Number of protein chains: 2
Amino acid sequence: MPYGDAMNARVRSEERRAEIVRAALEVIAERGYRGASLGAVAERVGLTQQGLLHYFPTKDALLVAVLQERDQWDAVPNTRWRMDLLASLVEYNAMRPGIIQTFSALLGESVTEGHPAREYFTERYVQVRANMAEMLRAEYGDRLPNGLTPERTAPLLVAVMDGLQYQWLLDPESVDMPGAFRDFLSLLGERREETD
Amino acid sequence: MPYGDAMNARVRSEERRAEIVRAALEVIAERGYRGASLGAVAERVGLTQQGLLHYFPTKDALLVAVLQERDQWDAVPNTRWRMDLLASLVEYNAMRPGIIQTFSALLGESVTEGHPAREYFTERYVQVRANMAEMLRAEYGDRLPNGLTPERTAPLLVAVMDGLQYQWLLDPESVDMPGAFRDFLSLLGERREETD
């Protein structure tokens, strides 16, 4: 095969993989991971199940690709997290309910026994709490105006983001997710009476 | 059948139903609702699947009983919610990871398409947000010290409780759920500089 053709084949293969990952995201949003079948993903991209196995030999291998895709969205290359970027991320999330649904469903499942995404989420939260603590320290120093340390505040920040997503997915008309998150950020900036 | 025997039969039947619901809670904690099978629940209580269907004719009927059980735990009869009761509830939850796992898994699944618990959770959150707003108003009046209304604070309170449960279930060694929740309650009591 000439060099150009090999390149084309590789590009086509990567495009196909990306297409399969997108289909998997949709199927997981609809049915959860345990409820998702490789057959349903294959059908959505016009492959046989055997054809799909050429790209992802197991359902768990496909899940790994889905979770890697997730990591890419959060990454802010060459940039540290800032409070205003975080508020913008929540605004952006409110425009992509499908993706948020995929990962809220996966997070929920991950706490069940032996779930293949459990380790991923456990490690991810250790990292996310550390990143958020670093961001809070850059903004406020070693104590927030209310006296809490960045390390004690970080789990609350992460919890509010996740918890609001469930309320918003269930009832988007009643829950203003970005507004509620901005309210929470404003709480963090409040000062104690005795300090300035 | 004499009256006493009929009573005994009814008591036995209710005990059996309660036993089945407890088994269902366990199976959902382990596998989620979509991953749970009536066969697995039947096996855990020593019934055939046919025997189980005598008590709960469908899997969804069993789910309804599970969700009713959940409602009973939250109910504080003849008492309004108070902030200190809520902190105690979170302390209590930290001693029953199995139950919290069941409902965190169900909440996660409920955002997927056509899930039978979706309506339950949607309605439940409308009610819980209203209860929390009422509690905050009883504690702080029409504005919290930080200036937010009880209605704008309620979704944050609920989000923190739910979000902390996921972090804690995934990593109980790293996450002090009751301590983090108390930190959040203390944030709510902080005052703005310009007010007293």
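Is Leu170(A) buried or exposed? In this predicted model, Leu170(A) is buried, since its relative accessible area is 6%, below the 20% under which a residue is classed as buried. Leu170(A) belongs to helix H8 of chain A. When residues up to four places away in sequence are set aside, Leu170(A) touches Leu107(B), Ser110(B), Val111(B), Arg118(B), Phe121(B), Thr122(B) and Tyr125(B). Within chain A, a separation of 69 residues in sequence lies between Leu170(A) and Gln101(A), whose C-alpha atoms are 9.8 Å apart in space.

The architecture of chain A is described next. Chain A contains nine helices and zero strands, and the order of elements from the N terminus is α-α-α-α-α-α-α-α-α. The C-alpha trace of chain A extends over about 75 × 40 × 30 Å along its principal axes. Of the 196 residues in chain A, 50% are buried. Contacts in chain A between residues at least 6 apart in sequence were also examined, and 65% of these join residues at least 24 apart.

The packing of helix H8 of chain A against helix H8 of chain B was then considered. The axes of H8(A) and H8(B) lie 6 Å apart, and the two helices pack at an angle of about 105°. H8(A) and H8(B) are therefore roughly perpendicular to each other, because angles of 65 to 115 degrees fall into that class. On the side of H8(A), the contact is formed by Pro155(A), Leu156(A), Val158(A), Ala159(A), Val160(A), Gly163(A), Leu164(A), Tyr166(A) and Gln167(A). On the side of H8(B), the contact is formed by Pro155(B), Leu156(B), Val158(B), Ala159(B), Val160(B), Gly163(B), Leu164(B), Tyr166(B) and Gln167(B). Classified by residue type, the contact of H8(A) with H8(B) comprises 14 nonpolar residues, four polar residues and no charged residues.

Tyr166(A) and Tyr166(B) are both buried, and both take part in the contact of H8(A) with H8(B).

In chain A, ring pairs connect Tyr120(A), Phe121(A) and Tyr125(A) into a cluster. Arg124(A) is placed over the face of Tyr125(A), at 5.8 Å from the ring centre. Another positioning of this kind involves Lys59(A), which lies over the face of Tyr33(A) at 4.5 Å from the ring centre.

Val41(B) is part of helix H2 (residues 38–44) of chain B and is buried, at 2% relative accessibility. Leaving aside residues up to four places away in sequence, Val41(B) touches Ile20(B), Ala23(B), Ala24(B), Val27(B), Leu52(B) and Leu62(B). Val41(B) and Leu52(B) are 11 residues apart along the chain, and their C-alpha atoms are separated by 8.3 Å.

Asn146(B) is situated in the loop between helix H7 (118–140) and H8 of chain B. Asn146(B) is buried, with a relative accessible area of 4%. Asn146(B) and Leu188(B) are 42 residues apart in sequence, with a C-alpha to C-alpha distance of 7.2 Å.

Ala18(B), by contrast, is partly exposed, with a relative accessible area of 34%. Ala18(B) is placed in helix H1 (residues 3–35) of chain B. The C-alpha atoms of Ala18(B) and Tyr92(B) are 22 Å apart, and these residues are 74 residues apart in sequence.

How values were computed:
Residues are numbered from 1 along each chain as its sequence is written. Chains are lettered from A and ligands numbered from 1 in the order in which they are written. This is a predicted model: local features need pLDDT of at least 70, side-chain atom pairs count only at pLDDT 80 or more; totals for chains, interfaces and linings use all residues. Side-chain values use heavy atoms; hydrogens and water are left out. Buried means under 20% relative accessible area, exposed over 50%, partly exposed in between (1.4 Å probe, protein chains only). Rings of Phe, Tyr and Trp (its six-membered ring) pair if their centres lie within 6.5 Å; planes under 30 degrees apart count as stacked, over 60 as edge-to-face and the rest as tilted. A charge sits over a ring if NZ of Lys or CZ of Arg is within 6 Å of the ring centre and within 35 degrees of the ring normal. Axes are lines fitted to C-alpha atoms, for helices over the stretch in contact, and angles run from 0 to 180 degrees between N-to-C directions. Helices (H or I, at least four residues) and strands (E, at least two) are DSSP runs, numbered from the N terminus. Angles under 35 degrees count as roughly parallel, over 145 as roughly antiparallel, 65 to 115 as roughly perpendicular and the rest as oblique. Contact means heavy atoms within 4.5 Å. Ala, Val, Leu, Ile, Met, Phe, Trp, Tyr, Cys and Pro count as nonpolar, Asp, Glu, Lys and Arg as charged, and the others, Gly among them, as polar.
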